[in-house]
Amino acid sequence: MIKMRKNLFVLALVAVIAALNPFSAEAQGLGGLLKKGKQALEKVSNTTTDNSNQKNTAKAVATKFENGIEMINPMAEYIDVTPVGLYGITTSENYGDAYLVLKVMMKEPASKASFGGSINNEKMIAVDASGKVYNTDSNGTFSFDTPEGIPVSVVMNQPAIMFTEIKKSTEVMPMVKFGILIDAYHKGNLTLKNVPIFWDETPE
């Protein structure tokens, strides 16, 4: 069925070309026009596919900050992100919970962005030096005000996106991964390495 529709489209294209330029049609013959029509169709198809891919593709940028955190950011074209660290809250003598703090600046004409998990079906997670994986209670995201062109703090201290039951002896989290969603065409997952944990401190 698809092939038949494609052939009908090519024949219609040939008819239009022949109507606009009858002398050329006679000189080239039906075979030549069919060939040119097919080439034109392929060119249009390839152009459409390329544009679609560009719309959903962003170049990941790797950065190392003065605080020792390394970051891979596929959203760098759309939003600047500076990771501050994890802030720990003591919940028992030896354990506590931790939330992520960022400094961000929106580059897109958007006033809000969402942070958390489930971007492209990937969870928000942290991994400690022993290989233990910490998940959050929610795979969703939380919306924050991120006005275009103005640096703001994003304090991700909502209980559903905090990492829980971390040993207080943990001073650095080797890996943290989370997602950012601006809209359907601007979303991705950032990876942080060597993220310090500040126990019982308040972010500035």
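Rings of Phe, Tyr and Trp (its six-membered ring) are paired if their centres lie within 6.5 Å; planes under 30 degrees apart count as stacked, over 60 as edge-to-face and the rest as tilted. By this rule the count comes to three aromatic pairs. The model is predicted, so that local features need pLDDT of at least 70 and side-chain atom pairs count only at pLDDT 80 or more, while totals for chains, interfaces and linings use all residues. Residues are numbered from 1 along each chain as its sequence is written, and side-chain values use heavy atoms, with hydrogens and water left out.

Tyr-87 and Tyr-99 form a stacked pair, at 6.1 Å centre to centre and 25° between the planes. Tyr-87 lies in strand E3 (residues 79–90) and Tyr-99 in strand E4 (residues 95–106), 12 residues apart; strands (at least two residues) are DSSP runs, numbered from the N terminus. Both tyrosines are buried, that is, under 20% relative accessible area with a 1.4 Å probe, protein chains only. Phe-115 and Phe-144 form an edge-to-face pair, at 5.6 Å centre to centre and 80° between the planes. This pair links strand E5 (residues 112–116) with strand E8 (residues 141–145), 29 residues apart. Both Phe-115 and Phe-144 are buried. Tyr-87, Tyr-99 and Phe-198 form one aromatic cluster.

Asp-128 is placed in the loop between strand E6 (125–127) and strand E7 (133–135). Leaving aside neighbours within four places in sequence, Asp-128 is in contact with Tyr-134, Met-173 and Pro-174, where contact means heavy atoms within 4.5 Å. The side chain of Asp-128 reaches the backbone nitrogen of Lys-132 at 2.9 Å.

Key
Helices (H or I, at least four residues) and strands (E, at least two) are DSSP runs, numbered from the N terminus. A polar contact is a pair of N or O atoms within 3.5 Å; within protein, one must be able to donate a hydrogen and the other to accept it, and residues adjacent in sequence count only if both atoms are side-chain atoms. Buried means under 20% relative accessible area, exposed over 50%, partly exposed in between (1.4 Å probe, protein chains only).
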